[in-house]
Amino acid sequence: MIQPDHPKLSLSAQCRVLNISRLTLYYRPLPASVEELALMNTIDKLFTKYPLFGSRQIGWRGTV
């Protein structure tokens, strides 16, 4: 929705109209590391096995 080369509206003005922070224009997410992917895979397996567990139980089970 933001047009960087808009002839009449600056980036700041466009952000104000859309009610978003200008910082969101420049944010680029980093890809997940190998360690993060392994951790997410472990959490996914635990949650699939114990779907009623919350973060405390998943954290405790993950350390055993």
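Q: Buried means under 20% relative accessible area, exposed over 50%, and partly exposed in between (1.4 Å probe, protein chains only); which of these classes does S12 fall in?
A: This is a predicted model, in which local features need pLDDT of at least 70, side-chain atom pairs count only at pLDDT 80 or more, and totals for chains, interfaces and linings use all residues. Residues are numbered from 1 along each chain as its sequence is written, and side-chain values use heavy atoms, with hydrogens and water left out. S12 is placed in helix α1. Its relative accessible area is 27%, so S12 counts as partly exposed.

Q: How many helices and strands does the chain have?
A: Helices (H or I, at least four residues) and strands (E, at least two) are DSSP runs, numbered from the N terminus. Read from the N terminus, the elements run α-α-α-α. The count is 4 helices and 0 strands.

Q: What is the radius of gyration of the chain?
A: The radius of gyration is taken over C-alpha atoms, and the globule rule is 2.2 Å times the number of residues to the power 0.38. Along the principal axes, the C-alpha atoms fill a box of roughly 60 × 25 × 15 Å. A compact globule of 64 residues would come near 11 Å, but the value for this chain is 21 Å.

Q: What share of the 64 residues counts as buried?
A: The accessible surface of the chain is about 6000 Å², and 62% of it belongs to carbon and sulfur atoms. Such areas come from the Shrake-Rupley method with a 1.4 Å probe; for residues, only the protein chains shown count as cover. Of the 64 residues, the buried share is 9%.

Q: Which residues make the nonpolar surface patch of about 440 Å²?
A: Patches are made of residues with over 30% relative accessible area and no salt bridge; like charges are joined within 9 Å, and nonpolar side chains (Val, Leu, Ile, Met, Phe, Trp, Tyr) within 5 Å. A salt bridge is a side-chain nitrogen of Lys or Arg within 4 Å of a carboxyl oxygen of Asp or Glu. I20, one of the members, lies in the loop between α1 (11–18) and α2 (23–26), and its relative accessibility of 35% is why I20 counts as partly exposed. The patch is made by M1, V17, L18 and I20.

Q: What is the phi of N19?
A: N19 is found in the loop between α1 and α2, and is exposed because its relative accessible area is 70%. Most residues other than glycine have a negative phi. N19 is not a glycine, yet its phi is positive, at about 60°.

Q: How far apart in space are P4 and Q14, C-alpha to C-alpha?
A: P4 is in the segment before α1. At 65% relative accessibility, P4 counts as exposed. P4 and Q14 are 10 residues apart in sequence, and their distance in space is 9.1 Å.

Q: What separates the C-alpha atoms of L37 and H6?
A: L37 is in helix α3 (residues 34–49), and its relative accessible area of 47% makes L37 partly exposed. L37 and H6 are 31 residues apart along the chain, and their C-alpha atoms are separated by 39 Å.

Q: How far apart do the centres of the positive and negative side chains lie?
A: Lys and Arg count as positive and Asp and Glu as negative, while His and the chain ends are not counted. The place of a charge is NZ of Lys, CZ of Arg, CG of Asp or CD of Glu. There are 8 positive and 4 negative side chains, and the distance between the two centres is 9 Å.
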